[in-house]
Amino acid sequence: MNNPVPNGAWFTCLPSCETQVPCGTGRHTVRWEAGSLDLPSHPDAEGELVLAALGGDKARCIEVAQAWARHVDDLSVLAIGPRGPADQIAIDWDDVLAAEQADSSVTGPPGPARSTPMRLASQPGPTLARAGARQRQIGEERRKAQRRRNDVLSLLALGYGFQVRLIGQVAAAHAGRDGGEQVRPALVAAITGRLAPVAEEWLGIDPDQVVVSLHAGRSWGSSELTGYGADRRLRVSLPAGWLASVWACGLARVGRHLIVAVQEPGWPTARVLGLRAPGADPEPLVVQGSPGDVPHWEAYE
Amino acid sequence: MNRERAETYLRLLAEAELRDPALASPPAPGSADAPFITAPITLTRAAWALTAVGALDLQTAEAILADVELAVATRRLPEVAVRSPAGPHLGPRLGPRRFAGGRPLARMSHLMPSVPAPAPAAAAADTAPPGGPTQPDGPAQPDGPGRYVPVGQMILFHDELISGELDLMSYAHTAAGARFTAAWRTRDPLGSRHHDLPPVDAITVTDDRGQRYDLVFATKGRPESTCDLTLRPDPPADIGWLEITAPGEQAVRVDLGRRAERPEPQISEINLSIGEHLLNRIAERLLVLAPEYQVNWHSPLATTPPHRAQLAGLVTNVAAGLGATIAALEAAEVLSPRSPVPARLAALCASLRIDGHGITAAPAPDLPEPWLSMLTHYHRRKPETATAGDGFAALAAALPELEGIRLVLLGLHNFDGGTWMDTLALGQLPGVQQGALGLDMAFPLSMWIRDGAGRWHAARPAGWYHEGGEATFTLRLTPPLTRSCSWIDVLATGQSAEVRATVPLCWGYRP
């Protein structure tokens, strides 16, 4: 039986979460709530951005919010971010600062553009011009790579609660689009990487034996267990939205059930569809969450 | 070819590798990659193979590897990372190293061929004799160059400071100009060998119409023992002979009307997938490396002396990740699951005592004849067999076009224990040569030489020189020739066809 799954905000099953970020001389709160990042210590973030554009310092909190906005549909977040609570990412703000300092020692501090061109004994030839253009291109690529990496490190430094919420955001962004073959490989890998450890806990199956395909359609998907021994495979077809509405909300496994869809999202109570065994029809369950970075859920009897 | 499956395979391989708890451990102190965190080798090999066959674009492959490197780095615990032999003064974090500082993360572009050079073949092809490649080394055509003549003459020279010889192996006249391909050697007045260049400025060259030419000496990136002697100005296409007078010697007349007597090359269609072609080339690389590093394959690697074990490491490094490479090619549907090549590779690795390759196919009971010939050579402890003495053979043979490249063999010589075949390539030539694993990705052919005794020798490019839309290079034969046979069989294999040509050799010997 394939129960239709309702549309709805993917984060309805997630409570808000917050963390402290070193900003200026102190530490400020950064909060995630209902799919948005909130900076209570910077009520006029727009104004601060204008000042920063005029040469003032940009607050770390604002840099983090900008990084978040830049990566809400970045598939690399799925490739780098955590696969589950046991997958510990060891990044804190010291690491972020160290990486930024390493960059400035390599590329040097940004300075004003040279106003007077250097005089050359002769006009540069086309070869020299090409070499200069290539050098500038390499420098630009390096700066982009450094900024991207520092963005990701900052977002990871926010902690596990924010990491999974960003993963949910990215998955939800792509679940609503038909990205075709450009995004399917990344989504299949992202679901596999997160479903495999859950399936190991659920069935005791080797994570390498979990095979995921991307499900398209209104139903939740499908599952089956095939083969024996080394040929044993758990084949699961799930939509990209599973990563957001189920996994990121901490619902992937509740008791002895693998949760495959959320029927009635809510916090702290929700109604979900759970599989007791591969190939079985999913059962509706009412679940109750207890607070945490990512909530822990128990099924109502 | 299935590009989506190729990318999916690589990303799933990355997921599997990231589940490996060993990734959270730091590199061994002092190991080559200790300063940086890199993607697992199975992943980089699979990525390289998929890009090499065109199933994955470089940008995507680099992005995947960069994400994996960052994922690995962020999971490496800082308290583990600080355990450095340099001591605790480094501080509690290893940020700059952990995140590679300003180093660009995974880059594969330097391992791949660049955009092909402009095709030079048009001029040569346009002027090729009627019948095209079947009579490529005939006399010059009236409407342009494309002339290859075996020579086999020694030009001696001597004055009060230097003596020596130029061993002319062939004359070639193409769109890029006319030149002799020659081996050379110089000696000082006491007879000791030294490295001064031959006095080409003092050599006079005159054609059958009385026109005089200068000779321009250039090694063009090849081994020191070989050179091109280019004629300036460019001579007419149909000259009959050239008379060469070197200091202290009589004039020597070089007959350019001579034709190579040889059977026509045989072209046959084959049907290798691009994945099989790549695996075959990896196998040839393994076969070539084994004697190069003189590894004693008869004793287990663990018991070999340290320097030999280190050299063997280069061989095992080529084999590392082969299982993932094969699986990646299968996922991309450029290698059939029923292909015999993976089983042959497994048999080759077993024969060379290489472990850790990850190939799941059972070793094949039979191997291609050239592979077997080389393996037999090693296993009979033949690598140290004395090679043929220094010498050169006149040779001029143009092979039919394969994979967009037309090869012209212009000489063969033994020097310092090695055997080299001087070659010209015309056609679609990529500009960058070295690929991963030391594979020359610019050279899309598999080349084998069978000597008169029936032994096979792998022929791989060693140094290229691009000029005027042509590429001059030498093929190094492994193992070297052990005797001066009177003919060789050349087997050139592309993806869709192979060429077999029997080429007579006319040897000249040094005094």
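The legends below describe close-up views of a predicted model.

Local features are reported for pLDDT of at least 70 and side-chain atom pairs only at pLDDT 80 or more, whereas totals for chains, interfaces and linings use all residues. Residues are numbered from 1 along each chain as its sequence is written, and chains are lettered from A and ligands numbered from 1 in the order in which they are written.

View 1. Helices (DSSP runs of H or I, at least four residues) and strands (runs of E, at least two) are numbered from the N terminus. Chain A has eight helices and 11 strands; in chain B there are 11 helices and 20 strands. A residue is buried if 20 or more other C-beta atoms, placed from the backbone, lie within 10 Å of its own, exposed if 12 or fewer do, and partly exposed in between. Of the 301 residues in chain A, 39% are buried; of the 511 residues in chain B, 47% are buried. Two residues are in contact if their C-beta atoms, placed from the backbone, lie within 7 Å. Among contacts in chain A with a separation of 6 or more, 59% involve residues 24 or more positions apart; for chain B, 67% of the contacts between residues at least 6 apart join residues at least 24 apart.

**View 2. Helix α7 of chain A against helix α1 of chain B.** Two packed helices are described by the angle between their axes and the distance between the axes. Axes are lines fitted to C-alpha atoms, for helices over the stretch in contact, and angles run from 0 to 180 degrees between N-to-C directions. The axes of α7(A) (residues 184-203) and α1(B) (residues 3-18) come within 8 Å and cross at roughly 30°. The two helices are therefore roughly parallel, a term for angles under 35 degrees. Residues of α7(A) in this contact include Arg184(A), Val188(A) and Thr192(A); those of α1(B) include Glu4(B), Arg11(B) and Leu12(B). The contact comprises six nonpolar, three polar and five charged residues. Here Ala, Val, Leu, Ile, Met, Phe, Trp, Tyr, Cys and Pro count as nonpolar, Asp, Glu, Lys and Arg as charged, and the others, Gly among them, as polar.

**View 3. Val183(A) in the loop between α6 and α7 of chain A.** Val183(A) lies in the loop between α6 (160-175) and α7 of chain A. Because Val183(A) has 19 C-beta neighbours inside 10 Å, this residue counts as partly exposed. Leaving aside neighbours within four places in sequence, Val183(A) is in contact with Leu75(A) and His174(A).

View 4. Strands pair if DSSP finds at least two bridges between them. An open antiparallel sheet of three strands has the order β1-β2-β3 in chain A. Its edge strands, β1 (17-23) and β3 (36-38), each pair on one side only. Three bridges join β2(A) (residues 26-33) to β3(A), and Glu33(A) stands opposite Ser36(A). Helix α2 (residues 60-70) of chain A lies across β1, β2 and β3, running at about 125° to β1(A).

**View 5. The five-stranded sheet of chain A.** Five strands form an open antiparallel sheet in the order β7-β8-β9-β10-β11 in chain A. β7 (253-254) and β11 (296-299) each have a single partner strand, so one side of each is left without a neighbour in the sheet. Two bridges join β7(A) to the antiparallel strand β8(A) (residues 257-264), where Val254(A) stands opposite His257(A).

Conventions
Angles under 35 degrees count as roughly parallel, over 145 as roughly antiparallel, 65 to 115 as roughly perpendicular and the rest as oblique.
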